[in-house]
Amino acid sequence: MWKGTDLVGTTVDEMTEPQLRHRKAAEFFRTCRNNGYRPKNLLDIGCGNGTVTARLRGVLRLDKVDGVDIQAGTLEVPRWLRLRQVDVDKDSLPYPDGCFDAIYCGELLEHLYNPDNLLSVTPVAREVICVTLPPAPVE
């Protein structure tokens, strides 16, 4: 089975336009799907109100998606997003190992004091993990 590993390349436009980077994440999951990978579920870490999650949900054709966000108690989210409040800087994810086929974590690592804590979540993913970061400024 084909397994995706990363997003390739960043254009100048993507450095300044987050929507273009989000589109690239969606294209990554579309490529996975087009190559026979059909995840049954997705965890979006740092999902906010689910804007990007909705795009990934559509690409992957999922009914429900799980998400975690530190501000979960203050966010209005769609009914299909099962949102839990988690501080990934210090807390572990409230899911058993291997329970997600795919994980998306978009532009969150750079906001954490302890990114190693979040990076230890890989056991909850069975197949694909997609992590994106905003590009570093060009000097």
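# Nonpolar cores and aromatic pairs in a predicted model

The largest nonpolar core of this predicted model has 19 residues, and Phe 29, Leu 42, Leu 56, Val 65 and Tyr 104 have the most contacts inside it. A nonpolar core is a set of buried Ala, Val, Leu, Ile, Met, Phe, Trp, Tyr and Cys residues joined through side-chain atoms within 4.5 Å. At least two residues of this core come from each of α2 (18-34), α3 (51-60) and β4 (100-106), and α2 gives the most, with 5 residues.

Residues are numbered from 1 along each chain as its sequence is written, and side-chain values use heavy atoms, with hydrogens and water left out. As the model is predicted, local features need pLDDT of at least 70 and side-chain atom pairs count only at pLDDT 80 or more, while totals for chains, interfaces and linings use all residues.

**Core packing**

- Leu 42 is in contact (heavy atoms within 4.5 Å) with Phe 29, Leu 56, Leu 60, Leu 62, Val 65, Asp 66, Phe 100, Ala 102, Ile 103 and Tyr 104, leaving aside its neighbours within four places in sequence.
- A second, separate core of 15 residues includes Ile 45, Leu 93, Ile 103 and Leu 112.
- In soluble globular proteins, nonpolar side chains tend to be buried together.

**Aromatic pairs**

- The whole structure holds 3 aromatic pairs; rings of Phe, Tyr and Trp (its six-membered ring) pair if their centres lie within 6.5 Å, and planes under 30 degrees apart count as stacked, over 60 as edge-to-face and the rest as tilted.
- Phe 28 and Phe 29 form an edge-to-face pair, because their ring centres are 5.3 Å apart and their planes stand at 80 degrees.
- Phe 28 counts as buried at 6% relative accessibility, and Phe 29 counts as buried at 0%; buried means under 20% relative accessible area, with a 1.4 Å probe and protein chains only.
- Tyr 95 and Phe 100 have ring centres 4.8 Å apart and planes at 85 degrees, so this pair is also edge-to-face; both residues are buried.
- One aromatic cluster is formed by Phe 28, Phe 29 and Tyr 104.

**Chain overview**

- The protein chain has 4 helices and 5 strands, in the order α-α-β-α-β-β-β-α-β from the N terminus; helices (H or I, at least four residues) and strands (E, at least two) are DSSP runs, numbered from the N terminus.
- Of its 139 residues, 43% count as buried.
- Among contacts in the protein chain with a separation of 6 or more, 63% involve residues 24 or more positions apart.
- The protein chain exposes about 8,100 Å², of which carbon and sulfur atoms supply 49%; accessible areas come from the Shrake-Rupley method with a 1.4 Å probe, and for residues only the protein chains shown count as cover.

Conventions
Buried < 20%, exposed > 50% of the residue type's maximum accessible area, 1.4 Å probe, protein only.
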